[in-house]
Amino acid sequence: MKLTKIMPTILAGALLLTSLSSAAAMPLSDSSIPFEGPYTSEESILLNNNPDEMIYNFLAQQEQFLNADVKGQLKIIKRNTDTSGIRHFRLKQYIKGVPVYGAEQTIHLDKNGAVTSALGDLPPIEEQAVPNDGVPAISADDAIRAAENEATSRLGELGAPELEPKAELNIYHHEDDGQTYLVYITEVNVLEPSPLRTKYFINALDGSIVSQYDIINFATGTGTGVHGDTKTLTTTQSGSTYQLKDTTRGKGIQTYTANNRSSLPGSLSTSSNNVWTDRAAVDAHAYAAATYDFYKNKFNRNGIDGNGLLIRSTVHYGSNYKNAFWNGAQIVYGDGDGIEFGPFSGDLDVVGHELTHGVIEYTANLEYRNEPGALNEAFADIMGNTIESKNWLLGDGIYTPNIPGDALRSLSDPTLYNQPDKYSDRYTGSQDNGGVHINSGIINKAYYLAAQGGTHNGVTVSGIGRDKAVRIFYSTLVNYLTPTSKFAAAKTATIQAAKDLYGANSAEATAITKAYQAVGL
């Protein structure tokens, strides 16, 4: 989730979002798929009034993926109805009561109760064997210790965890060796001796590490912001002191200062007269509010988790720390070194980007490596850039403060900042968690073309504007993508989201289709 530039040495030139109706990962056809019957009119009305039964009725037909106990194997974990009346369901797979990592399915019903699409990834029955019949040989505490021991071997003695460690038993299919493991999934999340958030897949039979990856990847007062502009802030008076605490949005927005140390959250920012001079804190507070307002006003989303989660920000983290990150509990900003970077809270699209990582964690929860990780970064870029809507650059307000016009990334021309703008040029190496900040340029370019239009790689796209484009991409994120979705999955999902929002033959669906074609997908 870092924002610093990645300089790739190579720019070379799956778990697809699948249809339940095909083991070959082919999408459903454009026409809606009604439930098999026949049903009487009374039965149809009953089913439409009980959408959960409609979902399971449909799933019962998918013999190549599911056993007879459909309700026991697939649990509905989220329901949502969008403004167009489409009902979205997210389901998670369990085998012998153990969740299958990444095996989520999204199913979508139109107003008449017909299935318009079923997107996700489930292993076929022949690949659903559970090691040791789903019974672990080590405890969750053993798995947590194994993860902490590995992190200690890299960093030295670890500080206190930022989030209480926990371990969840899962069935995990390893893409690299093709084996299925019974694992505990846990993470190490600390600030000392340096910021670390690593996800671990610990073999539940012998305590070995099956896989791991870093999520934080190293490489109404008034105040003056980082760039000298005056902002109006929502604050709270406590006695004779004012606090950077906004209680009007969700469960609140609070802004702290670490005072150039590394303990979090630090000290709550205060003022004696409600006139704020800590420029980094002013921007962090104002831009967190702007990001909350964007999600609330545009999508009726109440904060990061949809339930008004407290937004806690800390500025002045470390000494000349050249990064910003979301650690699962809050957002953290360094001051930069004044040469390569200025204070990281001083750019709205950076703040929006980091807070969107939180939104992603509470929705599609895209795995932070390889293509799912590049999608994670791209959706954070897309939302952050759209919140600001000033230009098509990301990070231009904080990168190289003495060089005007420079930026971290460009959605309109990713190649300006060493990113590919078509799939054939994607980076396939192992650095940057498999190119999460590099390959995000491909999806960024597709979004730009959908919104703005243009001709790219011989494909002409008629733009539909930022407003419609961001609505489609937001719906894709929260309703259609799953943790292991890759680029092909994103294409299928975004096209389906456009069809569900605007119609199968709409200009919007055509624009999305052509935008992905233009980037080679």
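This is a predicted model: local features need pLDDT of at least 70, side-chain atom pairs count only at pLDDT 80 or more; totals for chains, interfaces and linings use all residues.
Strand β4, which spans residues 98–109, is mostly covered, with twelve of its twelve residues buried. Strand β5, made of residues 115–120, runs antiparallel to β4 and is joined to it by five bridges. The two form a hairpin with five residues between them, and in that turn Gly 113 has a positive phi of about 85 degrees.

Strand β4 also pairs with β3, residues 87–95, again in the antiparallel sense and here over eight bridges.

A separate open sheet is built from three strands in the order β12-β13-β17, with antiparallel pairing. Because β12 (236–238) and β17 (270–271) stand at the edges and have a single partner strand each, one side of each is left without a neighbour in the sheet. Strand β13, residues 241–243, pairs with β17 in the antiparallel sense over two bridges, and in one of the bridges to β17 the partner of Gln 243 is Thr 270.

Turning to the helices, α9 (residues 440–452) and α10 (residues 466–480) have axes that come within 8 Å and cross at roughly 135 degrees. Angles over 145 degrees would count as roughly antiparallel and those from 65 to 115 as roughly perpendicular, and α9 and α10 are therefore oblique to each other. On the α9 side the contact involves Ile 443, Tyr 447 and Ala 451, which meet Arg 466, Ala 469, Val 470 and Phe 473 in α10. By class, the residues of this contact divide into six nonpolar, no polar and one charged.

These elements belong to a protein with twelve helices and 25 strands. Of its 521 residues, 58% count as buried, while the accessible surface of the protein comes to about 20100 Å², of which 47% belongs to carbon and sulfur atoms.

Conventions: Residues are numbered from 1 along each chain as its sequence is written. Side-chain values use heavy atoms; hydrogens and water are left out. Helices (H or I, at least four residues) and strands (E, at least two) are DSSP runs, numbered from the N terminus. Buried means under 20% relative accessible area, exposed over 50%, partly exposed in between (1.4 Å probe, protein chains only). Accessible areas come from the Shrake-Rupley method with a 1.4 Å probe; for residues, only the protein chains shown count as cover. Two strands pair if DSSP finds at least two bridges between them. Axes are lines fitted to C-alpha atoms, for helices over the stretch in contact, and angles run from 0 to 180 degrees between N-to-C directions. Angles under 35 degrees count as roughly parallel, over 145 as roughly antiparallel, 65 to 115 as roughly perpendicular and the rest as oblique. Contact means heavy atoms within 4.5 Å. Ala, Val, Leu, Ile, Met, Phe, Trp, Tyr, Cys and Pro count as nonpolar, Asp, Glu, Lys and Arg as charged, and the others, Gly among them, as polar.
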